[in-house]
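Biologist: I would like to go through this one with you, term by term. Could you tell me what stands behind each word you use?

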Amino acid sequence: MKFSEYEAFVASGQRTEVGDSSVPKQARPFQGHRAGLVTRALAALIDLGLVALTVIALNAIAAIIRFLVVRTSGLDVPHLQWSIVLGAGLLWCNWTWGWALTGRTFGGHIMGLRVVSRSGDALGWATAAVRAVFCLAFPIGLMWVLVSRSNRSFQDTFMRTSVIYDWVMSIPSVPEEIPPKD
Amino acid sequence: MLRSVVSGAASTVALGVDRVVSGTVNETLDRVVPPVLAAVLDRLDLTRLVIERVDLSRVVQATLDQMDLTQLVLDRVDVDRIVDKADLERIIDRLPLVDLANYIVDEVDLPRIIRESTGGIATDAINAVRIQSIGVDQMITRITDAMLLRRKARVTTAPGEAAQSGAIQEDETS
């Protein structure tokens with residue numbers, strides 16, 4: 001491609017700027033577009049797996065402590081209900097924290113997804129918390145992505161949020177320090 | 001016989017007269033015409049006359065049409081000397097350097113080279129998984145839209161910075 005053609009493409013918006021050049025070429029056209037079901041489900045599964053591992057680890061630590069301190073006869077098997085509650089709590093914290101701070105949870109980071117508000121920014125704490133509750137209480141709502149004309153899940157439609165492909169890691173800018181006056 | 005002798009003599013005489021006369025006339029003209037012409041030209045403003053009476057643009061156009069200017073410049077102009085004398089800084093100031101740099105980076109796919117030389121296996125694996133999942137997303141979307149008999153493509157553009165750089169035109173599904 002000649003430089004003049006390149007300029008014309010960039011001017012018409014048909015070609016991406018090199019700003020997101022850390023993204024492989026074949027994935028660049030998808031950046032900023034709402035993600036499909038599979039990617040989002042995989043991200044959620046990664047988060048779920050991470051929380052499950054955490055719950056298992058916490059249960060193991062608790063059992064060991066009980067064994068050492070209370071001197072139980074053998075390691076107690078924790079109650080499944082409490083583990084589910086603990087897992088749900090951790091997942092809620094994980095999602096709220098990730099969506100409110102950077103728009104990404106660990107699963108979202110791995111799959112290159114970001115949750116953004118209607119204005120394209122990260123969600124506020126309240127929105128992130130409510131959305132996390134919705135996702136926990138009604139996970140099947142994700143399936144709405146299949147039929148939605150704009151790739152929105154039930155939660156997205158209700159909370160006016162979007163889950164977009166965004167592979168570029170953006171680091172929040174640190175405000176410049178004002179040099180002290182002599 | 002006599003007639004031929006007479007005509008030969010006549011022509012010889014005519015030639016002689018002609019020589020004498022023309023020599024004298026030419027000599028006179030050489031003496032008289034230049035100062036007269038100089039005097040006439042001194043009284044005339046030739047430049048103004050040409051400007052007023054000659055269609056200069058036509059003359060120039062016709063001249064240019066007959067000349068191969070490029071070849072003329074190549075033959076007669078020392079381009080290297082001109083380049084040596086050129087103010088390169090002013091030329092560089094006029095160039096869209098950032099755009100040029102972006103173009104070069106994009107054409108040689110410098111990010112890919114950097115990724116391949118610095119990125120680990122994990123990065124490659126994650127990118128591969130992401131790309132594959134995007135592909136599966138697209139496939140499922142197409143299948144679903146086909147089942148729902150949708151003709152218009154989905155509108156997936158979302159607000160935000162990333163949306164400005166992305167430009168996807170999803171295939172129309174039937």
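This is a predicted model: local features need pLDDT of at least 70, side-chain atom pairs count only at pLDDT 80 or more; totals for chains, interfaces and linings use all residues.

Biologist: What does the secondary structure of chain B come to?

Modeller: Chain B has 10 helices and zero strands, so its pattern along the sequence reads α-α-α-α-α-α-α-α-α-α.

Biologist: Now chain A. Why is H2(A) called oblique to H3(A)?

Modeller: Helix H2 (residues 37–69) of chain A and helix H3 (residues 80–101) of chain A pack at about 130°, with axes 9 Å apart. Roughly perpendicular ends at 115 and roughly antiparallel starts over 145, so about 130° makes H2(A) oblique to H3(A). The crossing of H2(A) past H3(A) is right-handed.

Biologist: Which residues make the contact?

Modeller: Among them are Leu48(A), Val51(A) and Val55(A) of H2(A), and Leu86(A), Leu90(A) and Asn94(A) of H3(A). By class, the contact has eight nonpolar, five polar and one charged.

Biologist: How do you know that chain B touches chain A?

Modeller: Residues are in contact if their C-beta atoms lie within 7 Å, and 38 residues of chain B are in contact with 48 residues of chain A. On the chain B side, the largest share, 12 residues, comes from H9(B). That side has 17 nonpolar, 12 polar and nine charged residues.

How values were computed: Residues are numbered from 1 along each chain as its sequence is written. Chains are lettered from A and ligands numbered from 1 in the order in which they are written. Two residues are in contact if their C-beta atoms, placed from the backbone, lie within 7 Å. Helices (H or I, at least four residues) and strands (E, at least two) are DSSP runs, numbered from the N terminus. Ala, Val, Leu, Ile, Met, Phe, Trp, Tyr, Cys and Pro count as nonpolar, Asp, Glu, Lys and Arg as charged, and the others, Gly among them, as polar. Axes are lines fitted to C-alpha atoms, for helices over the stretch in contact, and angles run from 0 to 180 degrees between N-to-C directions. Angles under 35 degrees count as roughly parallel, over 145 as roughly antiparallel, 65 to 115 as roughly perpendicular and the rest as oblique. A crossing is left-handed if the near helix is turned anticlockwise from the far one by less than a right angle, and right-handed if clockwise.
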